[in-house]
Amino acid sequence: MQTSNILTYTVLFEQAEDGGYVGYVPLLPGCHSQGETLEEVESNIQEAIEVYLDSLRVHGEEIPVERKVFHGSVTVSATA
């Protein structure tokens, strides 16, 4: 019997230069998706995460578990 674990991953969303949005998961290198709306990119990145984790399982690799994440910003001068 297989048990189901619920995992939560931080996803960063950005507006794409050519329209729409891009989402990516810092803990899962290469795991990213896009969509025309935030709702679409959120749905797409959820599917991308599931496919990414399935690939790890198939290859016998460890599933990353996110630890506490802190978010901040730093302001710097753009002048030389």
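Glutamine 46 is partly exposed, with a relative accessible area of 48% (buried means under 20%, exposed over 50%, partly exposed in between, with a 1.4 Å probe and protein chains only). The model is predicted: local features need pLDDT of at least 70 and side-chain atom pairs pLDDT 80 or more, while totals for chains, interfaces and linings use all residues. Residues are numbered from 1 along each chain as its sequence is written, and side-chain values use heavy atoms, without hydrogens and water.

**Helix H1**
- Glutamine 46 lies in helix H1, residues 38-58 (helices are DSSP runs of H or I with at least four residues, strands runs of E with at least two, numbered from the N terminus).

**Strand pairing**
- S1 and S2 are antiparallel and share 4 bridges (two strands pair if DSSP finds at least two bridges between them).
- Glutamate 14 has valine 22 in S2 as its bridge partner.
- The hairpin of S1 and S2 has 5 residues between the strands, and glycine 19 in the turn has a positive phi of about 105°.
- S2 (residues 21-24) also runs antiparallel to S3, joined by 4 bridges, and tyrosine 24 stands opposite histidine 32 in S3.

**Faces of S3**
- In a regular strand the side chains alternate between the two faces of the sheet.

**Loop between S1 and S2**
- Glutamate 17 is located in the loop between S1 (12-15) and S2.
- Glutamate 17 counts as exposed because its relative accessibility is 89%.
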